[in-house]
Amino acid sequence: MTNSASIQFSEIACEDENEYMCQVAYASTGGSKTTDSGVANISVKGNPERPDSVPSYVPSAGIEEGNNVVFTCTGNVGKPAGKFRWVRYRRNSNGDTIQETPYESETTTATVMPGTCTSNGTSSLTLKMEQIDNNAVVRYSVRNVQVTKFPSNPTFAEGAEPITLTCTSAGNPAVINTGYTWYKESRTSVSLGTGSTYVINNVVVNETDNYICVAQNSFNGQTFNTNNSIHVQIDLTTTTFTTMPTTKMETSSTNHKTFSIEKEKECSTDLNSILIAVVAVLSGLQLAEMTGLYILHKKDEKDRQTNSFKTPARIQMIEQNEPKHNWK
């Protein structure tokens, strides 16, 4: 029977550089046994980066013809450690800048940077100054690209004033205005335009994105570019409805206090007055109706009493008017 096992690295780190082997344990007639595989090596490499800055030189002032000047360059030289390559640029008699033969023999001293797989390198070049070195040019690729926004709000409301993005960089030759190109991160295949500034005039929600500035310069037949970005957050404007409070609210000023009753309470008071008036009218009508019924009831009762005693009273009156006779 054949079995297999594997180990997978999702993201290589410096500490992963090591020797690896596999050990298999199995049961045999003589009991449990183990067998080791061969050794596999993993070597982690690191990419070099651009020099930290423009080369420094000593002395930095008062240089005369025939003086030696020491130029020093530092930066990340990667892993395995690389070396710096020096190139001298001087102006000819016509004032044109020309590239001379590169200096290849200068050594680079590398020191491993803690916590990384790369080394920091240092290289120096010593040159004797000549008349032609006056106003010598130091060329270096574009770097230190920075993008800022104005206003510098963390978020913008939809419909706000235009937002201006500005891109700056360092390099020699300096990046010209058309050397800046703008993109949206969501659509890098289409350029938004060129120039050191880009203005978002239509401040709407769908303009929310990371805005990328690519800066570019060229010299000695080569083109160099680097980029940086900034996030612009545009939020939808919402309308908030609030309920008017019904309690008395106090507004204070410097020298006095003023009190105001909210409109809702006034409306409520007016409505209560109207309801009370309606109830009063209805009660009056009901009272009038009941009074009328009572009067009618009394009238009917009186009429009945009148009709009931009318005949006996008349008979009594007749008997009183007729003469009395003695019947014998």
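**Entry 1: the model**

I am working with a predicted model, so everything below is read from computed coordinates.

**Entry 2: disulfides**

I began with the cysteines. How many disulfides does the structure hold? I found two. Counting bonded cysteines along the chain, I get the pattern 1-2, 3-4.

I took the link of C14 and C117 to start with; its S to S distance is 1.9 Å. The angle about the S-S bond is -135°, and the link is left-handed. I then looked up where the two ends sit: C14 is in the segment before β1 (18-20), and C117 is in the loop between β9 (108-112) and β10 (119-128), so this bond ties together parts that are 103 residues apart in sequence. Are the two ends buried or exposed? C14 is partly exposed, at a relative accessible area of 25%. C117, at 14%, is buried, because the cut-off for buried is under 20%.

Next I turned to C167 and C213, whose sulfur atoms are 2.1 Å apart. Here the S-S torsion is about -95°, so I noted this disulfide as left-handed too. C167 belongs to strand β13 (residues 163-172) and C213 to strand β17 (residues 209-219), so the bond links parts of the chain 46 residues apart. Both of these cysteines are buried.

C22 is partly exposed, with a relative accessible area of 36%.

What is the strand order? I read an open sheet of four strands, β15-β14-β17-β18, with antiparallel pairing. At the edges stand β15 (187-194) and β18 (222-232); each has a single partner strand, so one side of each lacks a neighbour in the sheet. From one strand to the next, the twist averages 30°.

I then looked at the pairing of β17 with β18. These strands run antiparallel and are joined by eleven bridges. One pair I wrote down is D209, whose bridge partner in β18 is V232.

**Entry 3: the sheet with β10**

I found an open sheet of four strands in the order β5-β6-β10-β9, with antiparallel pairing. Its edge strands are β5 (56-58) and β9, each pairing on one side only. Neighbouring strands here are turned by 20° against each other on average, direction ignored.

Where does β5 pair? Three bridges join β5 to strand β6 (residues 68-78), and the two run antiparallel. Within β6, F71 stands opposite Y57.

As a reminder to myself, nonpolar side chains tend to be buried together in soluble globular proteins. The largest nonpolar core has 19 residues, and I163, L165, C167, W182, I200, Y211 and V232 touch the most other members. At least two residues of this core come from each of β11, β13, β14 (180-184), β16 (197-200), β17 and β18.

I looked up the contacts of Y211, setting aside neighbours within four places in sequence. Among its partners are L165, L192, I200, I230 and V232, and the list also includes Y183, K184, Y198, N228 and S229.

Apart from this core lies another, of nine residues, including C73, F84, L125 and L127.

S141 lies in strand β11 (residues 140-150). Is S141 buried or exposed? At 9% relative accessibility, S141 counts as buried. Its side chain makes a polar contact of 3.2 Å with that of R50. Leaving out residues up to four places away in sequence, S141 touches R50, A170, G171, N217, F219 and F224.

My last stop was D133, in the loop between β10 and β11. D133 is also buried, at 10% relative accessibility. What does D133 touch beyond four places in sequence? I listed R88, R90 and K128. I also noted E65: its C-alpha atom is separated by 8.7 Å from that of D133, although the two residues are 68 apart along the chain.

How values were computed
Residues are numbered from 1 along each chain as its sequence is written. This is a predicted model: local features need pLDDT of at least 70, side-chain atom pairs count only at pLDDT 80 or more; totals for chains, interfaces and linings use all residues. Side-chain values use heavy atoms; hydrogens and water are left out. A disulfide is a pair of cysteine sulfur atoms within 2.5 Å. Buried means under 20% relative accessible area, exposed over 50%, partly exposed in between (1.4 Å probe, protein chains only). Two strands pair if DSSP finds at least two bridges between them. Axes are lines fitted to C-alpha atoms, for helices over the stretch in contact, and angles run from 0 to 180 degrees between N-to-C directions. A polar contact is a pair of N or O atoms within 3.5 Å; within protein, one must be able to donate a hydrogen and the other to accept it, and residues adjacent in sequence count only if both atoms are side-chain atoms. Contact means heavy atoms within 4.5 Å. A nonpolar core is a set of buried Ala, Val, Leu, Ile, Met, Phe, Trp, Tyr and Cys residues joined through side-chain atoms within 4.5 Å.
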